[in-house]
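Hello,

Here is the structure I promised to pass on. Please open it first, then read my notes below.

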Amino acid sequence: MQHAMIIDYKYCTGCESCVVSCAKEKGLGAEEWGMKVEQIGPNKIGGKWEWDYVPVPSRACDLCAERQEKGKLPSCVFHCQAKCMEYGPVDELVKKLDEKPQQYLWVPPCA
């Protein structure tokens, strides 16, 4: 069964705890990343300033396969302070995509 992650960027605060926990878990250096938080904006829309923070996994992300083998959540999901990441089987997560408009499903590349 293939697993994935839903990222609901509407609630991401840009704290980067996912970035830090991923780098520590994987032993990544300063120029490497498995997860990055991109800022979109600020943009003036309808007289208001808006911006979003979007956590973006890289090809280096395997959803913490070693942690999964031990029954643990991926490090980024576990440490997300805004709880805007959810991990689970792809078929279950796909059903949740219609619930909220500002989320996306991320499935790691096959090894």
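Asp62 is partly exposed, with a relative accessible area of 28%. This is a predicted model, so please read every value below as computed from it.

Asp62 forms a salt bridge with Lys26. The closest N and O atoms of that pair are 2.7 Å apart. Lys26 sits in helix α1, while Asp62 sits in the loop between β3 (48-57) and α2. The pair therefore ties together parts that are 36 residues apart in sequence. Lys26 is partly exposed too, at 26% relative accessibility.

Glu66 counts as partly exposed, at 42% relative accessibility. Shared partners join Lys26, Asp62 and Glu66 into one network.

What does Glu25 form with Arg67? A salt bridge, with the closest N and O atoms 3.5 Å apart. This pair also links distant parts of the chain. Glu25 is in helix α1 (residues 17-26), Arg67 is in helix α2 (residues 65-69), and 42 residues separate them. Are the two ends buried or exposed? Glu25 is partly exposed, at a relative accessible area of 34%. Arg67 counts as buried because its relative accessibility is 13%, and the cut-off for buried is under 20%.

The whole structure holds 5 salt bridges. Those described above are among them.

Arg67 has another neighbour to look at. Arg67 lies over the face of Phe78, at 5.8 Å from the ring centre. How many aromatic pairs does the search count? The count comes to 0.

Ser17 is buried, with a relative accessible area of 13%. Which residues does Ser17 contact, leaving aside its neighbours within four places in sequence? They are His79, Cys80 and Gln81. At the other end, just after α1, Gly27 takes a positive phi of about 65°.

Last, strand β4 (residues 85-89). Of its 5 residues, 4 are buried, so β4 is largely enclosed by the rest of the structure. Which way does β4 pair with strand β1 (residues 3-8), parallel or antiparallel? The two pair in the antiparallel sense, over 5 bridges. One point to find on screen: His3 has Pro89 in β4 as its bridge partner.

If you look at a single spot, start with Lys26. Then turn to Arg67, with Glu25 as its salt-bridge partner and the ring of Phe78 under it.

Best wishes

Key. Residues are numbered from 1 along each chain as its sequence is written. This is a predicted model: local features need pLDDT of at least 70, side-chain atom pairs count only at pLDDT 80 or more; totals for chains, interfaces and linings use all residues. Side-chain values use heavy atoms; hydrogens and water are left out. A salt bridge is a side-chain nitrogen of Lys or Arg within 4 Å of a carboxyl oxygen of Asp or Glu. Buried means under 20% relative accessible area, exposed over 50%, partly exposed in between (1.4 Å probe, protein chains only). Two strands pair if DSSP finds at least two bridges between them. Rings of Phe, Tyr and Trp (its six-membered ring) pair if their centres lie within 6.5 Å; planes under 30 degrees apart count as stacked, over 60 as edge-to-face and the rest as tilted. A charge sits over a ring if NZ of Lys or CZ of Arg is within 6 Å of the ring centre and within 35 degrees of the ring normal. Contact means heavy atoms within 4.5 Å.
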